[in-house]
Amino acid sequence: MEEHISTRHGNEIVAALVRVIVSNREYLSEIDGAIGDGDHGINMAKGFAMCGEAIKGQPLTLAQAFDAVSDALMEGIGGSMGPLYGSLFMGMADSVRDKTVLDKRAFLAMLQHGLSELQDISSAGVGDKCLMDTLIPAIARFEQAVQQGESFSAALAQMQQAAIAGRDSTRDLVAKIGRASRLGERSRGVLDAGAVSCCLLLCQLADRVTQSLNTMNA
């Protein structure tokens with residue numbers, strides 16, 4: 001039987017995402033402070049902590065848990081990141097709302113739906129020094145792995161590798177969007193905070209899903 005995870009324990013997956021953002025609050029703000037406002041970690045941690053409080057002790061499906069993230073980020077974060085990440089999680093929630101299990105193809109569809117929602121409000125792409133430099137290559141690598149017949153677990157591992165490479169690619173980019181774009185060449189040489197937070201989220205998501213796969217398919 002093909003590898004799959006249940007969507008019943010979404011609160012556990014989202015609680016892990018909350019932990020990774022809250023625990024990296026200072027790191028994200030430090031990165032952002034080099035070429036931005038220095039508040040990325042503060043805002044992200046605030047939104048995710050709000051989500052953590054909202055879901056605490058509740059048995060939520062993955063769609064319900066992603067809805068909680070989206071709501072908290074849309075309402076709790078200032079600036080552009082709330083709507084951007086809120087749209088990503090809203091799209092992913094919509095994709096899995098009627099599903100009780102996810103195989104690798106359904107997981108891919110979930111990622112693609114999240115990206116599509118995000119692209120409805122943002123024209124940013126790879127090379128702009130932003131979260132898209134992490135997100136788009138990571139999803140593309142996962143899709144490639146699925147098409148090549150790799151297992152769910154192997155595709156997740158490849159997604160993580162691509163997310164890390166995408167994050168690291170922003171160090172050598174000149175910012176084309178956001179406040180950092182005003183710096184021109186001076187924005188080169190520093191990681192983008194959005195790309196870093198996106199990498200943290202994708203890698204944590206992959207880790208949690210891999211753990212679930214190992215449990216479900218043992």
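Which residue's side chain meets that of arginine 97 in a salt bridge? The partner is aspartate 94, with an N to O distance of 2.7 Å. A salt bridge here is a side-chain nitrogen of Lys or Arg within 4 Å of a carboxyl oxygen of Asp or Glu.

This is a predicted model, in which local features need pLDDT of at least 70 and side-chain atom pairs count only at pLDDT 80 or more, while totals for chains, interfaces and linings use all residues. Residues are numbered from 1 along each chain as its sequence is written, and side-chain values use heavy atoms, with hydrogens and water left out.

**Salt bridges**

The structure holds 7 salt bridges, including those in the table.

| Pair | Distance, N to O |
|---|---|
| Glutamate 2 and arginine 105 | 3.1 Å |
| Arginine 97 and aspartate 94 | 2.7 Å |
| Aspartate 168 and arginine 167 | 2.8 Å |

Helices (H or I, at least four residues) and strands (E, at least two) are DSSP runs, numbered from the N terminus. Glu2 and Arg105 also join Lys104 in a network of salt bridges.

For accessibility, buried means under 20% relative accessible area, exposed over 50%, and partly exposed in between (1.4 Å probe, protein chains only). Glutamate 2 is partly exposed at 37%, and arginine 105 is partly exposed at 46%. Arginine 97 has a relative accessible area of 42%, and aspartate 94 has 36%. For aspartate 168 the value is 33%, and for arginine 167 it is 22%, which counts as partly exposed.

Helix 6 has 18 residues and reaches 27 Å from its first C-alpha to its last, close to the 26 Å expected at 1.5 Å a residue. The expected span is 1.5 Å times one less than the number of residues. At the start of helix 6, a side-chain oxygen of aspartate 103 comes within 3.2 Å of the backbone nitrogen of arginine 105. Buried residues of helix 6 include Lys104, Phe107, Met110, Leu111 and Leu118.

Just after helix 3, glycine 57 takes a positive phi of about 75°.

**Aspartate 133**

Aspartate 133 sits in helix 7 (residues 132-147). This residue is buried yet has no salt bridge, and the nearest side chain of opposite charge, lysine 176, is 8.1 Å away. Lys and Arg count as positive and Asp and Glu as negative, with His and the chain ends not counted. A polar atom of the aspartate 133 side chain lies 2.8 Å from the backbone nitrogen of cysteine 130. Not counting residues up to four places away in sequence, aspartate 133 touches several residues (contact means heavy atoms within 4.5 Å), among them Asp128, Arg167, Ser169 and Leu173.

**Nonpolar core**

A nonpolar core is a set of buried Ala, Val, Leu, Ile, Met, Phe, Trp, Tyr and Cys residues joined through side-chain atoms within 4.5 Å. The largest one has 67 residues, and those with the most contacts inside it are Phe48, Tyr85, Phe89, Phe107, Met110, Leu135 and Phe142. Helix 9 (residues 193-216) supplies the largest share of this core, 12 residues. Leucine 135 touches Leu88, Leu115, Leu118, Cys198 and Leu202, not counting residues up to four places away in sequence.

Methods: Polar contact = N/O pair within 3.5 Å; in protein donor to acceptor, adjacent residues only side chain to side chain.
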